[in-house]
Amino acid sequence: MANIPGGAEDSVAGTTTHSASRASRASRTSRTSRASRRIRVIARVCGFLVLAVGLVAVPYVAYAIVVGVRSILVGRLHVDALDLTFLLTCAQALVSLANAVALIVFGVMLLRDQRRHAARWAYVLMAVTVAQGMLSLALQGLGFGVGLSLVQVVILVALAIALDPALLGERAVQRKLKRMDERDEYVEAKDAGMLGRDPSGKGYVELNVFNVFWLFVVGCVGGLFVEEVYHLIFFNEWQDRAGLMWGPFSPIYGFGVVILTMFLNRLWHANAALIFCASAVIGGAFEAFVAWFMQVAFGIVAWNYANDWLPLFGGRTSGKYMIFWGLAGLFWVRELLPWLLKFVNLIPWKWRYALTAVALAFMLVDIAVTLMALDCWYGRVAGLPQTSPVTRFFGEHFGDEVMRHRFQTMSINPQWSGRA
């Protein structure tokens with residue numbers, strides 16, 4: 001190479017680099033092409049199975065609805081149109097029919113390799129499946145229906161990820177680039193004092209998984225502490241008011257904080273009266289929904305405000321506590337959220353993903369165990385057979401005395417539930 005002129009040497013080097021680049025691109029193209037073919041085969045197999053399930057489910061559910069309606073019309077089945085169990089059963093039938101029809105549409109899209117549209121329908125099916133699972137939980141408890149809904153959600157999540165129109169090879173590169181960009185954005189935001197803030201400026205906090213999860217955790221712990229101190233001051237009694245089996249967590253406050261943050265995120269600089277009214281309405285409606293769901297699903301009443309000022313929804317919330325929600329939302333958005341962002345973002349970059357993943361896994365297990373323990377508690381009080389390994393396990397480790405001691409504010413009565 002010493003005898004090759006400078007220009008020729010540069011030309012040879014450029015040609016070599018260009019050839020290597022073309023070879024690299026060709027290799028990536030080959031890998032992504034093979035990945036795309038594998039996805040197409042998997043999608044069509046899943047499409048065939050989904051379509052078959054939908055085609056079987058639609059006539060089955062439709063037939064069950066027709067039989068039920070006919071039984072009511074001819075007088076073989078007597079129902080109260082305002083009975084909660086009847087209303088929930090009707091809702092479950094309609095949601096099941098919608099789920100079956102959506103499965104047919106989803107299966108056709110998979111067979112036709114319309115992956116972009118199929119991915120969108122997967123998210124629609126997730127929402128319908130969650131609704132179906134909640135209705136099944138309210139009517140039959142933790143059983144086959146809830147398990148089937150959970151399995152369907154997991155499959156839909158996997159399909160939605162796999163059906164992304166971007167190819168697998170490109171996604172791998174994009175993930176690496178995104179990780180590098182996130183690191184750079186983290187450093188820049190921290191230096192500018194904007195860590196955790198909405199980069200668009202339209203909202204206050206950036207609603208990503210990291211922020212939302214830790215807002216939920218802080219809401220669970222902080223809300224429980226405030227409620228217990230409030231009860232101690234006004235009732236001169238320290239009472240365990242936790243809402244999960246393990247840890248100092250009250251999920252109603254965690255979900256309440258997340259919901260308020262999502263709805264009020266773009267109103268953080270708005271008029272205080274507007275924030276107060278929005279918080280009062282959102283918080284009161286959410287509290288009433290949680291009380292209703294606990295009652296119809298497990299026959300549990302944890303609070304009743306029938307004797308308070310302006311009771312609403314059968315005492316599930318009241319004007320007094322809607323004012324509390326309004327003040328809490330205003331104080332949260334204006335005062336606590338900025339301070340909390342600084343606290344949450346003290347978690348170092350190297351630990352953020354691992355710590356969040358571990359904490360999220362623990363919280364999901366805690367919520368699942370709590371729901372199963374409540375369902376088994378309901379079954380024991382209702383006199384249902386406790387013969388399965390799951391019910392025997394919970395009866396031994398989470399018996400009635402344990403449940404009453406852990407959930408001291410809850411009263412359970414199967415007659416209050418919406419189950420048949």
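## Helix 6

Helix 6 spans residues 209–235, 27 residues in total. From first C-alpha to last it reaches 38 Å, close to the 39 Å expected at 1.5 Å a residue. The model is a predicted one. Just after helix 6 comes Asn236, with a positive phi of about 55°.

## Packing against helix 7

Two packed helices are described by the angle between their axes and the distance between the axes. Helix 7 covers residues 251–264. Its axis and that of helix 6 come within 7 Å and cross at roughly 130°. Helix 6 is therefore oblique to helix 7. The crossing of the two helices, helix 6 and helix 7, is right-handed.

On the helix 6 side, the contact is made by Val212, Leu215, Phe216, Gly219, Cys220, Gly223, Leu224 and Glu227. Helix 7 contributes Pro251, Tyr253, Gly254, Phe255, Val257, Val258 and Thr261. An α-helix has 3.6 residues a turn, so residues three or four places apart point the same way.

## Cysteines

A disulfide is a covalent bond between the sulfur atoms of two cysteines. The structure holds zero disulfides. Cys90 has 31% relative accessibility, so Cys90 counts as partly exposed.

## The whole protein

The secondary structure comes to 12 helices and four strands. The protein has 420 residues, and 38% of them are buried. Of the contacts with a separation of 6 or more, 71% are between residues 24 or more positions apart.

Note on methods:
Residues are numbered from 1 along each chain as its sequence is written. This is a predicted model: local features need pLDDT of at least 70, side-chain atom pairs count only at pLDDT 80 or more; totals for chains, interfaces and linings use all residues. Side-chain values use heavy atoms; hydrogens and water are left out. The expected span of a helix is 1.5 Å times one less than its number of residues. A disulfide is a pair of cysteine sulfur atoms within 2.5 Å. Buried means under 20% relative accessible area, exposed over 50%, partly exposed in between (1.4 Å probe, protein chains only). Axes are lines fitted to C-alpha atoms, for helices over the stretch in contact, and angles run from 0 to 180 degrees between N-to-C directions. Angles under 35 degrees count as roughly parallel, over 145 as roughly antiparallel, 65 to 115 as roughly perpendicular and the rest as oblique. A crossing is left-handed if the near helix is turned anticlockwise from the far one by less than a right angle, and right-handed if clockwise. Contact means heavy atoms within 4.5 Å.
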